[in-house]
Structure formats: structure tokens, C-alpha cells
Amino acid sequence: MMYERFKTKATGAQAEVHRFPTRAAALDFLAGFLNQEQSADAQNATALVAASMGLADAERERLAACPGVHFDVTRERAAQAMIGISQMDWALADTGTLVHDATAAEERLVSTLPAIHIALVPSSGLYPDLPSLLAQIDPRRSRYLAFITGPSRTADIERVLTIGVHGPKRLIALFVDDLKARA
Amino acid sequence: MDNSFKNSIQTALHNANLTGALGKFSEAYKVNRARAYEGIDFEALRGRISERKAFAAAHLDEMAARFAANAEATGAKVFRAKSPDDVKTYILDVARRHGVKTVVKSKSMASEEIHLNAALEAAGMTVSETDLGEWIIQLAGQRPSHMVMPAIHMTKEEVSDLFSKAVDERLSSDIPRLVQVARDTLRPRFLEADLGITGGNIAVAETGSFVLVTNEGNARLVSSLPKVHIALIGVEKLVERFEDVGPILQALPKSATAQALTSYVSIITGPVPNTDGSTKELHIVLMDNRRSEMAADPQFKQALQCIRCASCLNVCPIFRLVGGHVFGKVYTGGIGTILTAWFHALKSSEDIQGLCIQCGACKEVCPGKIDIPELIMELRRRLVQEEGLPFIQKAIFAVVNNRRLFHSMMRTASLADRPFVKGRFIRHLPLFLADLTDGRSLPAIAPVPFRDRFTRIVQPKGKEKAAFFAGCLIDFAYPEMGEALVRILNKAGIEVVFPDAQTCCGAPARYSGAYEVAAQNAIDNIKALSLDGVTYVISACPTCTAALAKEFESTFESLGQTEWIQQARALAAKTVDFSTLVERLVAAGRLTFEEGRALGTVTYHDSCHLKRTLRADQPPRSLLRRAGYEVKEMAECDTCCGMGGSYSLKLPEISAPMLQRKLGNIRATGAETVAMDCPGCVMQIRGGFDQADRPVRVSHTLELLDEALNPGSL
């Protein structure tokens, strides 16, 4: 119910939303996506995976086998990368919003600089709305709380909606039912 | 009004790009805003926001001190700046210490307010605005024309010219391509900048947090990539508790751009790690710049409840015609007029406060629940208090308040202009008065005013009495409306009395800021209308009704006069507008319409005071339906027709296009008749159709009801 509402709202904000029962299924999708994007891009573009993903060794190897995938997130790499992959903490159903504690610099780098941001979300992190989540959060422990609703957008020229100004042009949310919340 | 101001209005009105873009936006905004708030109790939401913001404003110093202590506990440096100079000195000092050469900024009205960029550039720094709209404005060397959409006045062609120069390449005006150019050009600047400057949409005292709301993602980059971050935040952004963030974040994007939430919201509490592992140096500048003085002002303290959504601009029927640049300063529109008077000087609002037609549309949508029209009236009152009334206005009020003299002068004037009178209208006026009849005829003045025609009316004795307050238009221009009202009330067993000592309702004086004159009008009318044995005081003019029912008391309060307040309240309790009373009489079975009649189609125009002050938009519609009319709603039925009392005389160039839009919306319904409850709107709209090709019948609701109830009486 809440997921359906999220999906409607997020899709309305031009995000792409998928749901998987298991981590393995989500990783299958991810690997397929990476392979496809790489072959579609002649310049051999890179994908950056944030440490927040908390991948098991086997999972990491699986992704590492895809072309152009890196796990060391630096400013320089992020500025060049086409795809950023990270794990979110929460989501808000009534606005279709993803939320993460972005205090670590790499969290912000992979979710802001690349043209495509792929965000894994534990299905259990879904809240109905903003006030219900804010009531659970102590901002002094999460210094940089970032809310993301759809890709970067502007309507500053003649009020025409245009996607992808300074942030990602595509936001792909992968809800995973057995994904555990980040520590 | 200043000539250069009048010229800037003319320029704006003739800028088709501007009026086209704003017109389109304002139409879409109304629909989209309503959709964004679907399922949300807006009144409850804004009740919470205004309460929390009012609390913070009442404890501004304490909020700032708590914010500073809590933010400093996280490792941020907080500077509380009193004046714009204090802000600039502090920021320049931080920049100097770090040897800053390049600065990236995300959108901040506070920085625009103090012209921070000029100060940074004068100190040798290169500053890049990164919000697309702000960057366009920066390249053009202009001021923002709108708080949320700074470049809404520019076309894609103009933007393409600016960008072409900036990147030294001839660009097309394809919007996605222009946006890509901005991305490619600004990306390296984000990565290279030594200092990032942001504003702050909310600041939380209990945690030392601040909130950044953007769509483009530029604030995330500005607050992440440079090693030093300065957030410049006006103290009005302070709230007490972290939970207060919720309602503001719920309302801000919906009211600003009709979005459920913007693409990005960041809540920052203290310095975060830089990308090289060092800790960011975070400075938060809390700027006062006269906000504390506002907080101490009993009237203007509510202006600090503003969350800077700009919805007051988006729904303003004047703003959509003239845009933001005529306001002359950084803040524009309704709230901008008020902020300009405070952040600059009262005098600097002298011309721009006159742009407000007092339609009340902004007050309905303000998420901070600010009574913007009332505050603009208060500016007017203070301006008049400081500078006095112009001689001509004083002379006009002296005449207006003497009813028979006023009538005979108007009548003489209309007779003197005889060649220009055709039937019931004055079509053209000579010389400098020509503007008044440009696109609208004025009603001819009745030879005998209602007050003298009334004495000849024979009425049956009724079981109740109502005192009729005519107002100038029914008295002098439309006495037949007064006669119809008497017939209708007689039919319900009510006898009408007309207290001859009644005078002007005081609205013209009040809306000119002449509160002393308005107060004298109020006293004279209270004396005239406080009659024993009278159950109702009725008026068929919503502006007069609003004056009697609401404004007498508030005028006395503004002036600190307590002597007549009790009587003003007693009068207000008896005062009722025509349609509301008749609806009650119908409900009580004292008036009945013949069943099953088909009188044709009518569309209804909501007069500003009837809908937004008296909240009586439904009674006329239900009465018209009962009488046998089919009511076809028009687009923007409650948008002001541009009359606004003397507004149409002072700013005919704005009033005229408002009227044309209204005529178009009326015509588009295909209805044979347009009804309304205000003789002022009748004057404006009837006058408009008199000069139009395909006229539509324009009637006061009471005329249509009179026809249905008393056939053959006309």
C-alpha cells in the first residue's frame, strides 16, 4: 500500500522505481543495468559504488565483474562517473522521496555528481510522510540529512520543466524487501 | 505617483514576453497548487506554521541565541549580524583568511537583499551564482523579478544570447540545450571553488540545524564541494523546534511551485567531512537588518511569519501584469512591498504600495497566514501620517463626505460633459480625464439621487425594520437598485428606512491611508444608523458592508480610538449584505420564488469583499438558481475585475487589462447575463461591455431577483 503510493508519487516526479524481494534479485538487475549502460556508452564510462552499500564479498565480486565499476569513491572519480550507486536509509510515501544520512562525503558525491543515481532502499525504511520520519530522527546524529525526490530539475527558463541541471538526470530507486538498514 | 514609476509600469505592461510568461504561469499555478494541496487541510497546516513562526518572532533574540549556542556546540561558527555592513565585513574577513579567489553560491534572497556579490567582487573574488535563474540574472546584470523564479521575465532567446556570450559560442534557444550548457559551464566552477555560500530556508533553535530547499541540486554541491561553507540566514527563518520543520517543508514547495516536495532538501547540523577527509569550516551568519524592529512592531511583526514561497506574487492579479521589476528593489509583490518598506525605508514603498488593489487574493493562500493587504494599508496609513494627504485628495474627501454637495457636483460634471453622455453612460472624457473612459464607460449620474427618490416610495407597514445603507454608487448612479431592494424586502414583510444622515462608508479614505477621515465617516454613520427598532442594517454594496461590519472597528483600533468601538460592534452585529439576508428570508419561508421557471443562463462574478471579507459567495448563486437561472461558472470567477474603488482612477492602465480579462472570461461561458453583488463591479463591467462588440447583460443580483419576484414592477 505504502509502496504503491511511493511509486505513484516518485514516478510523478520522474523517478524510476523497481521492487525486488531479495538482495540477489536486485543485484541481478543492477549487474544487467551496468552491463547494458556500459555497452551503450562508447566512452567506457564508469560506475561508482559507495561503501554504504555494505556488500558481501561475493556481491562485490559480482559487481566488480561489470565493466567500469569502481569502489573507491573520490571527488575526481565522482566528477567523471556516469553512474553512482548507494544505499538509502528511508523513503517517504506521500511525496515519493528518498532520504539518506549523507554526512559521509562519498554519500553526497555518488548521489549528486554522476548523471545517473541508482539508490537501493530497504523496503522496511518506508514512512508515510515527512513529519512521521522527522519525529524519529536526531539531526545532531545525522549531520547532513538529504531528501531526494526525483532527478535534478529546473523550470527557470520560460517555466519549461527540464530534467538534470546540476544533479543526476536519472534517479532509479530499487526497493529491496530483505535489505537491512545501514548501521 | 512618481513619473518614472508610471513609466516603468507602462514598459512592463507593454512587455509581451513578461505578461505572456506571467499570465500563463499564474493560470497554471492556481490549478496545480490546488492539486498539490489535495487531501491536506491547508487551514490547519497554516495555522500551525503561523503559530510556530509567530512564537519565534516574539522570541527572536532568544531563538537566535539558542541557535547560536547549539550550532556552535556542533563545531559551526555563528555570527549574529545586525546590519548589512556587519554581514559583508564578516564574510569578506572569512574569505580573506582562506585566500578565497572563487565563490559558488546557491540562491539566497538574503544575499540579494544586501548586494553581497558586489562586495565580494569589489574585493577581487569571482562569484558564480549557480541556481539557473540567478545565473541568468547575474549574467544580465539584473535584479531577480520574483523570489522563487528570478528570471521569469526573460525569454529563451534572451537567455540564449546571454549564454552565448558567457561561453563564447553561438547557441540556439533550445531550452534543454541551454540547461546543458549551464551544467557544463558551472560544473568545473563547483569543483574549483574555494568558498560556497548558501542561504537557509529554515533554522532550528533547539538543534542548530538549517534547511536548504532546491530543485537543481546546486545547494548540495555548494555545501559539499568547497572546503568552506557560509550560510547566510535572515533571523525570520528561525523556528524553535526541530519538529517545526515538518509543516514548513510541507507547505513551502506546494505554495512556491505546486510541487509535493522539491527535488532536494538538505538539513545540515554542524560541519561535515570534506571530500579530502578534512572537516568543513562552517560559518552561519544570522542577519537581522531591521527584522528585530519589525518583530517589536505590533502590526508588522506578522510579516516575519513569511516562509518566502512567493505565493502572494503568484496569485496577484496585478503582479501577473507588471512583473517584479516595477517594484524597484530585491523583494517584489505583496510581501515584497512590506519588506521593502522595512529593509530600505517607509518612503521607498510610497509608489509600490499603490499597486495593491486590496482584492485579498494573497491573504487566502499565504501559508504564514499574513494579512498582506492589511499591512499594505498600514503602510499607506503611516505614509499619510508622515507626509500628509495631497491637497487634491483632501479636497475630494471634503466633498465626498457631504452627500448632497457630492451628488450635485457629480451631476453638474456629467451635465457639463453632455456631449459625451450617451444613454446611461459617459463614453469619453476630454483631456487628461480620457484615461478614465479608455476601454470602459462611466455611468451617467442620476438626476435625482436615491436619497430623494426614497421619500416618494410608499411602503406597506412591516413587522420588522431594516435600515438601508446605500453607498455612493446606488445613491447617485444606480438608484433603481435601491428601489428594487426596497421592493424585495417589502415582499418579505420588512419595512425599509433610509437614515438621511448616512455618509460615505469611509472605504475611499481608508484605502488612501486617510484613517482620520475614515474614522470620522465611521462616527457619522454609527450615529445615523444606530436606530431603535431596526433589526437589520442592510447594504447592497459589499465594500460598504465590509466597512460597516469589519472596518469601522479596525479603523478605530489602528488609531487607538476606543470611544466608539462598542457602538461600532453593535452596528456590525446588525449589518448584513443583501444576498445573505435574502437567502435567510427565503430559508425562513418569508420569500418564495415561483417553481420551475427557466430564466436562462447567468454567470456569477465574485466581488472581492463579498467573497473574501464577508465570505458570502454561495448565497447569491443559490438565490439565482432558486429564481430559475442556470448558473454557468466562469474561469477565475473570483479574480478582481480591476475596479478597486479609486484604483481604476489612479492606475487605469492596470485596471483596464484586468477588466478585459474579466470580460473575456465572462464571454467564454456563453451566458446571457453576468450577475454580481457589487455596484462598483457593475460600474466597471457594464462600462466595459458598453464599449465592447458583443455585450453581455450586466446586473446586480438584486435586479435579477427583483424581476423574478416582482414581475412587471420595472
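Tutor: Strand 9 of chain A lines up with strand 9 of chain B (residues 264-268) in the antiparallel sense, and 5 bridges link the pair. To find a spot to look at, pick L145(A): across from it, in strand 9 of chain B, stands I267(B). Keep in mind that this is a predicted model, so what we're reading are computed features of a prediction.

Now widen the view to the contact between the chains. On the chain A side 38 residues take part, and they touch 51 residues of chain B. Several elements of chain A each put at least two residues into that side: helix 4 (75-80), helix 5 (105-112), helix 6 (130-134), strand 9 (144-148) and strand 10 (153-154). Strand 9 of chain A gives the largest share, with 5 residues. If you sort the residues of this side of chain A by kind, you get 18 nonpolar, 11 polar and 9 charged.

Next, step back to chain A as a whole. Its secondary structure comes to 6 helices and 12 strands. The radius of gyration of chain A is 16 Å, close to the 16 Å that the globule rule gives for 183 residues, so chain A is as compact as a globular protein of that length. Its C-alpha trace spans about 45 × 40 × 30 Å along the principal axes. Of its 183 residues, 49% count as buried. Look at the contacts in chain A with a separation of 6 or more, and you'll find that 76% of them are between residues 24 or more positions apart.

Strand 1 of chain A runs parallel to strand 12 (residues 170-176) of chain A, with 5 bridges between them. One of the pairs to look for is V17(A), whose bridge partner in strand 12 of chain A is A173(A).

Why does P122(A) count as buried? The cut-off is 20 or more other C-beta atoms within 10 Å, and P122(A) is buried because it has 20 of them within that distance. Leaving out residues up to four places away in sequence, P122(A) touches V176(A), L179(A), K180(A) and A181(A). Take A181(A): it is 59 residues from P122(A) along the chain, yet their C-alpha atoms are separated by 6.2 Å.

Over to chain B, where there are 34 helices and 21 strands. The radius of gyration of chain B is 28 Å, close to the 27 Å from the globule rule for 714 residues, so chain B is as compact as a globular protein of that length. The C-alpha trace of chain B spans about 95 × 55 × 55 Å along its principal axes, and 54% of its 714 residues count as buried.

For a last stop, go to strand 16 (residues 536-539) of chain B. Strand 14 (residues 464-469) of chain B runs parallel to strand 16 of chain B, joined by 4 bridges, and A466(B) has Y536(B) as its bridge partner. Strand 16 of chain B also pairs in the parallel sense with strand 17 (residues 575-577) of chain B, over 3 bridges, where V537(B) stands opposite T575(B). Then look at helix 28 (residues 578-587) of chain B, whose buried residues include F578(B), L581(B) and V582(B). The buried residues of helix 28 of chain B pack against strand 16 and strand 17 of chain B, and also against helix 23 (479-491), helix 30 (618-627) and helix 34 (701-709) of chain B. After helix 28 of chain B comes G589(B), with a positive phi near 75°.

Definitions and conventions: Residues are numbered from 1 along each chain as its sequence is written. Chains are lettered from A and ligands numbered from 1 in the order in which they are written. This is a predicted model: local features need pLDDT of at least 70, side-chain atom pairs count only at pLDDT 80 or more; totals for chains, interfaces and linings use all residues. Two strands pair if DSSP finds at least two bridges between them. A residue is buried if 20 or more other C-beta atoms lie within 10 Å of its own, exposed if 12 or fewer, and partly exposed in between; C-beta atoms are placed from the backbone. Two residues are in contact if their C-beta atoms, placed from the backbone, lie within 7 Å. The radius of gyration is taken over C-alpha atoms; the globule rule is 2.2 Å times the number of residues to the power 0.38. Ala, Val, Leu, Ile, Met, Phe, Trp, Tyr, Cys and Pro count as nonpolar, Asp, Glu, Lys and Arg as charged, and the others, Gly among them, as polar.
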